[in-house]
Amino acid sequence: MSYQLPPTGPSLSASQRPLEDNYWRASSRNSGSGSLGGYGLSQSQSQSGNSVGGISHKLNSFFETEKPLPMYKDKPYFAPRRTGPARQRQRILYGVVGFVVLSLLWLFAGSGGSEKSKTGSGSMKGGDLWNWAQSFEHGEAEKPTGWGSSGIDWDERREKVRDAFMVSWDGYEKYAWGFDEYHPISKGGRHMIDGGMGWIIVDALDTLIMMNLTSRVQDARRWIHTSLQYNQDHDVNTFETTIRMLGGLLSAHYLSTKYPDLAPIRDDDEGSPGEDLYIEKATDLADRLLGAFESSSGVPYASVNLNTSRGIPSHADGGASSTAEATSVQLEFKYLAKLTGEAEYWKTVEKVIQVVDDQQMEDGLLPIFINPESGQFRGENIRLGSRGDSYYEYLIKQYLQTSEQEPVYKELWDESLMGIRKHLITYTKHAQMTVLGERPNGLYGALSPKMDHLVCFMPGTIALGATGGKPLAEAQKSPDWTRRQDEEILLAKELMKTCWATYLATKTGLAPEITYFRIDEPPRMMTDMFPSSTMTEGNSKSKHEDLLLVSRPLYPLEDNPWQQDIDIHPQDRHNLQRPETVESLFYMYRITGDETYRHWGWEMFKSFIKHTAVIETDESDSNAKGKKPSSHIMGFTSLSNVNTVPAIQRDNMESFWLAETLKYFYLLFSDRDFLSLEENVFNTEAHPMPRFKPTGDLKTGWTRKPRN
Ligand code: DMJ
């Protein structure tokens, strides 16, 4: 059954106002005005010495020299009316009045029709979820035969995901509100910087919006408005802060603008006092982060001090930055450039990719460390797991973000994917499962058959790259469709199966952080297995009946050789509630339409509920009434060991549980065109942003050096 929008929901199929109409674009710019200066910093902040350095020179000089603000199509961006203490007092007043009025309306209207009332402890939904969790056991569910769309209510399953999200959020709201870390077992939290970064609130915000959880969005907005300050004298990780905080704020702005009926809040409507809240915070943060890019090469330092905007080299790894971290900030800054018309955001992050590409690494595969001063790679370790992963992801997504107008990113992606097929894809000994391994000693060193859970973003991303986000059946009709894309889809399917196998292989049904695979010695590589693939033949027209990679089922589970191929080391048995496998299931389902991926996702979701739930039992209830004590789920947490039942839990809920894992489950069980893949790109923290056409200064400003 497909997802039916609630009557109050957004008209996602209706033709929207052209996207650009909602954005403030530059119609003219004051060239050389140092135009990033001052955005998001009130004059009082500036006067009280909280201005930042780095881009700081601009922030500081803005108030000194009273440079004119750049003009935008619809209005001056952050014109003085929006800043200063008087404006802030007015906003608070409007905010309070608006909130009271909305709250009354909400009460009278019966909570807007879609959001269940909060209990404050999450215990009501937590109780329901717990009772439901008792009704299933890992492994007893549907077998693949008979798995079809008939008879399954995906809406109902999607609601279960929403329930799990509400329980997680409500526990956090009750016990650790405003803290950057949440420890659901000890019921406490911890700040990363004084007053908090909004690590959990901002990261989860767009999921709250997607799930139409209006009152919780109000809570989050209020906290962002009253408590979130980025002027703290603290070092933060450049990449994590960009993808989670900047990405979260931008996505909240995007969703609330493009889909105003999702979690409808009047305070952020056009012309309302809170209209610019997310963008103001995003711009303030981005300006502080820009100092990280002020290295000799333009490659960002690992960290940045938010108050001074000074970039700080990593304290480990000889000061090198992680390659993935340095090269996965482009979607966020480019979208911000599009929103503000400020080309500096764009140019700063694009330069990083040019520095990387200038080194002409063989077959598009990069070592996982890069020196921000020299711009040179450090070491030879090549992998698509930690420190390598999102470089590859952002190549294809940058191409899609600018509506396929910038072929250089597609070229880079194609080159890397071919390099992956040539050097990193191997097959397991018994079941010929497809493995994307590592080359710790460079491309000609030994292959390590190890896959971080992080690598499991790849099946979905490969499929996304093959069709551009279109449904496969439609993409295959294009005259441009070649045998190479067919192979990519099959590779995506095979890798998806391997990732799913890492879940099936454990007692909890949840994957470990790292999985090793048993392979032949020497390893069988893709070129050995499929010598006539497009790697050796070049692109040729696809003949669908002549495919090179044969899809093999993983079932039946009994006596299956694939289990002998999986090797989990004791130190890798933890599970941090990571999203990558469900992320790929989401892409695979959206693109192929094959319901199998939803079924796998459903099994995974049930395993998360069963084993990562933090249970509370109310003994007083039983004593008082002489009945069985009642239990409820009050949150979800990470695991130390996925291979014991009951699972050994850790006391930490990662922000990406809310931002990514539950969001991707929710999207997997939603209708295929809810937040269409053809209109959006999701950043590496699952924050959706729109595709747009590059214009003016906001486009690729470099070309590749000729190859040797
Ligand atoms: C997330 O923060 C992002 O997906 C990042 O790219 C990789 N790791 C985590 C989730 O596992």
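Visitor: Before anything else, what counts as an aromatic pair here?
Guide: Rings of Phe, Tyr and Trp (its six-membered ring) pair if their centres lie within 6.5 Å; planes under 30 degrees apart are stacked, over 60 edge-to-face, and the rest tilted. This is a predicted model, where local features need pLDDT of at least 70 and side-chain atom pairs count only at pLDDT 80 or more, while totals for chains, interfaces and linings use all residues. Residues are numbered from 1 along each chain as its sequence is written, and side-chain values use heavy atoms, with hydrogens and water left out.

Visitor: OK, which residues make up the aromatic cluster?
Guide: One cluster is formed by Trp132, Trp154, Trp602, Phe605, Phe608, Phe636, Trp657, Phe665 and Phe669.

Visitor: And how many aromatic pairs does the structure hold?
Guide: There are 28. Among them, Trp169 and Tyr172 make a tilted pair, 5.9 Å centre to centre with 55 degrees between the planes. Both sit in helix α5 (residues 154-175), 3 residues apart, about one turn of the helix; helices (H or I, at least four residues) and strands (E, at least two) are DSSP runs, numbered from the N terminus.

Visitor: Why is the Phe608 and Phe665 pair called edge-to-face?
Guide: Their ring centres are 6.0 Å apart and the planes are at 75 degrees, so the pair is edge-to-face. This pair links distant parts of the chain, with Phe608 in helix α21 (residues 596-612) and Phe665 in helix α23 (residues 655-668), 57 residues apart.

Visitor: Are those two buried or exposed?
Guide: Phe608 and Phe665 are both buried, meaning under 20% relative accessible area, with exposed over 50% and partly exposed in between (1.4 Å probe, protein chains only).

Visitor: Which residue lies over the face of Trp154?
Guide: Arg157, at 4.8 Å from the ring centre. The rule is NZ of Lys or CZ of Arg within 6 Å of the ring centre and within 35 degrees of the ring normal. Lys187 lies over Tyr175 in that way too, at 5.4 Å from the ring centre.

Visitor: Switching topic, which cysteines form a disulfide?
Guide: Cys456 and Cys499, with sulfur atoms 2.1 Å apart; the cut-off is a pair of cysteine sulfur atoms within 2.5 Å. The torsion about their S-S bond is about -95 degrees, so this disulfide is left-handed. Cys456 is in the loop between β11 (450-452) and α15 (458-467), and Cys499 is in helix α17 (residues 483-504), 43 residues apart.

Visitor: Last one: what is Lys281 in contact with?
Guide: Leaving aside neighbours within four places in sequence, Lys281 contacts Ile224, Leu228, Gln229, Tyr230 and Leu249, where contact means heavy atoms within 4.5 Å. Lys281 counts as buried because its relative accessibility is 13%.
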